[in-house]
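Welcome, and please open your viewer. We will go from stop to stop, with something to select at each one.

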Amino acid sequence: MFMQGNEACAEAAILAGCRYFAGYPITPATEIAETLARRMPEVGGVFIQMEDEIASITSVIGASWAGAKAMTATSGPGFSLMQEGIGLAAITETPCVIVDVQRVGPCQGFATLPMQGDVMQARWGSHGDSRSNIVLAPASPQEMFELTIEAFNLAERFRTPVIVLSDEIVAHMRERVTVPAIEDLKLENRKKPSVPPEQFSFHEFSACDISPMPTLGSGYKLNILGHLRTEKGRVNIPSQDVPRLALKFLSHLADKISAGEWEARKIKTFFAEDSRTMLISYGSTSRTVESAVKEARKEGMKIGCARLITLWPFPEDQLRAILEDVDNVVVVEMNLGQVVDKVKEVVRRSVKVTHVPKMGDLHTTEELLDCLKKVVA
Amino acid sequence: MSHPLMKYLREDWMPTVLCPGCGDGTVLQCMLRAVSNKNVDMNQVAIVAGIGCHARLGTGYIAADSMWTLHGRAIPIATGIKLVNPNLQVVVLTGDGDCGSIGLSHFVHAARRNIGLLTICFNNSIYGMTGGQVAPTTPKGTKTKTSPLGNLEYPLDLCSLAETAGASYVARWTTAHPKQLTTSIEKALEKKGFSFIEAVTQCPTYYGRYSLGSTRPSEILRWFQRNSVSVERSRKLGQEELAGKIVIGEFVDVQKLELAEQYRTQSRMKD
């Protein structure tokens, strides 16, 4: 099917079981809302245009507790407004999906052109050191489709906000998208408690233990808290107990998504085996990076590339293994340098790390080849 | 013998953390009386509260599904709940700062949409939880911690805003009018659209001390009684005569199509 990235995201959300979408118009994300305004009534779901992005994300949190898989979509300035709500989703462990279609920023920047300026915001944008956001970066309409489904699965599995960090190019590009049959999709649904209300507590927290999530109105008399709590769900905590509880609870939020391996935490490599120089990219920048690698190979240069699909939690171990034997790393991203700092943490000290900034458009193959020639020489 | 309304509360959470003499407990009691009189199934109630004294009281202590959330955002959270499950009785608890300041746009838009939320605003005319700062509802001239020379700004009338924005039911009472307040909550529980009830409540700790020169709840309650004017009588009075008065009563009571219900009807028409 020939589809725009934003349309692919909207259709994938519906296939993943999303039945609540709230959003606010913003370029270049608006087509997601427009598509879902039309599609949600057809599938018995809810679409609502809220008064702003704060209302969009918070209504998504309410919808999720009312039992729906829920999503919102925005771009940089709206994503900033959502950070407050993302903190609420983190502490209440509410599954939800947020699509951020990045554009040139800050502020209005340039609304119709791409950038990758929100990588750190996606991880650190909310307050209070909450580290439970999972962030995925699609590089094509096909991946916009696949990663949106993955985002819903991960949100349900880990009871956490999952961010699809797209950009204007991926969002507005039209390409062929293969839509699998619904029976071929692996979908994760909400884990409901198996015990009656009297025996149920959803307040206990340990590192990777993810509690089942009852729905509002199902008799569990939930006390859902944006406040630090004890394991019994009490909020009148003596201050001397706060350090212990805060450490335990914040560690739980961080560890639940980083503990163990999960299939979406992945990196795709291209000609990595024999390369002493590696290009690192994610999202739409990967498209010209791959063509630059092909060109470089034609010229006999031993160059490969690695594309990060999961940005957060950062796939440190996987990337370290990929970059074990290289001398040069070139990080290609549409910003002044965000992922490059994480890459520097991962590689040996002797490795030369170069960053190629560009905003508002993809790096061209020629620009990348020029850069590679300088780096390798 | 246990209090007849104790069955609606988590007894092991008592006593509450609020100050002695606070009026919020009176509002809570009116809510629970209304729920009891109307035989509301508490398993089908979802309470959403923002941040403030009202929220500290309204979540946790009541044995029902409740969410204690972000400052000002209870209304959009409740909107998401109501749209997904219109059968739930979704109750928003808010305060004058929560609703009239940080959450003002959500409040106006919920009234405009006429979404079926019962919104009860605990108006103590000051920021109590943070220690007595000026609020958008604080009367002109009042000295607070952040208006030490006297408040220069005019107070916001939340009920007239709700009315203008299109709410289905709007009423204001004070904690000196618990029976009327209870009756209004009972009516609002049966309303389909957006209901807004403002409960003017005494804050002896801050507002009483700063504005009225008294920390005695009984004096503040008498002041509420003396200064309250019924909505009917207020229509005959001029601006000057109404200055400093609390207009009480029902401002709006109309039947209008509710959003969640309309959405469902419209969607079905499409299939």
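This is a predicted model: local features need pLDDT of at least 70, side-chain atom pairs count only at pLDDT 80 or more; totals for chains, interfaces and linings use all residues.

Two strands count as paired if DSSP finds at least two bridges between them. Select strand β4 (residues 117-123) and strand β6 (residues 195-200) of chain B: they pair in the parallel sense over six bridges. To see one of those pairings, pick Phe122(B), whose bridge partner in β6(B) is Ala199(B).

**Stop 1: the whole sheet**

Now widen the selection to every strand of this sheet. In what order do the nine strands of the open sheet run? Follow them as β9(A)-β2(B)-β1(B)-β3(B)-β4(B)-β6(B)-β5(B)-β8(B)-β7(B), with mixed pairing. At the edges stand β9 of chain A and β7 (228-230) of chain B; each has a single partner strand, so one side of each is left without a neighbour in the sheet. Turn the view to look along the strands: the twist averages 20° from one strand to the next.

**Stop 2: helices on the sheet**

**Stop 3: where the chains meet**

β9(A) pairs with strand β2 (residues 65-68) of chain B in the parallel sense, over three bridges. Select Asn223(A) and you will find Ser66(B) in β2(B) standing opposite.

Then show the contact between the two chains: 36 residues of chain A are in contact with 32 residues of chain B. On the chain A side, β2 (18-23), α2 (30-42), β3 (46-49), α3 (53-65), α4 (76-91) and β9 (223-225) each give two or more residues. Which element of chain A gives the most to this side? Colour α3(A), which gives nine residues. Colouring by class divides the chain A side into 20 nonpolar, eleven polar and five charged residues.

**Stop 4**

The contact takes 25 residues from domain 1 of chain A and 22 residues from domain 2 of chain A.

Select α5 (119-124), β6 (134-136), β7 (161-167), α7 (168-172) and α8 (242-258) of chain A; each supplies at least two residues of the side of domain 1 that touches domain 2. The largest share of that side, four residues, comes from α5(A). By class, the side has 19 nonpolar, four polar and two charged residues.

**Stop 5: a pair of crossing helices**

Finish with helix α9 (residues 285-298) and helix α12 (residues 365-376) of chain A. Their axes come within 9 Å and cross at roughly 55°, which makes α9(A) oblique to α12(A). The crossing is right-handed.

Show side chains for Thr288(A), Val289(A), Ser291(A), Ala292(A), Glu295(A) and Ala296(A) in α9(A), which meet Thr365(A), Leu368(A), Leu369(A) and Leu372(A) in α12(A). By class, this contact has six nonpolar, three polar and one charged residues.

Technical notes
Residues are numbered from 1 along each chain as its sequence is written. Chains are lettered from A and ligands numbered from 1 in the order in which they are written. Axes are lines fitted to C-alpha atoms, for helices over the stretch in contact, and angles run from 0 to 180 degrees between N-to-C directions. Angles under 35 degrees count as roughly parallel, over 145 as roughly antiparallel, 65 to 115 as roughly perpendicular and the rest as oblique. A crossing is left-handed if the near helix is turned anticlockwise from the far one by less than a right angle, and right-handed if clockwise. Two residues are in contact if their C-beta atoms, placed from the backbone, lie within 7 Å. Ala, Val, Leu, Ile, Met, Phe, Trp, Tyr, Cys and Pro count as nonpolar, Asp, Glu, Lys and Arg as charged, and the others, Gly among them, as polar.
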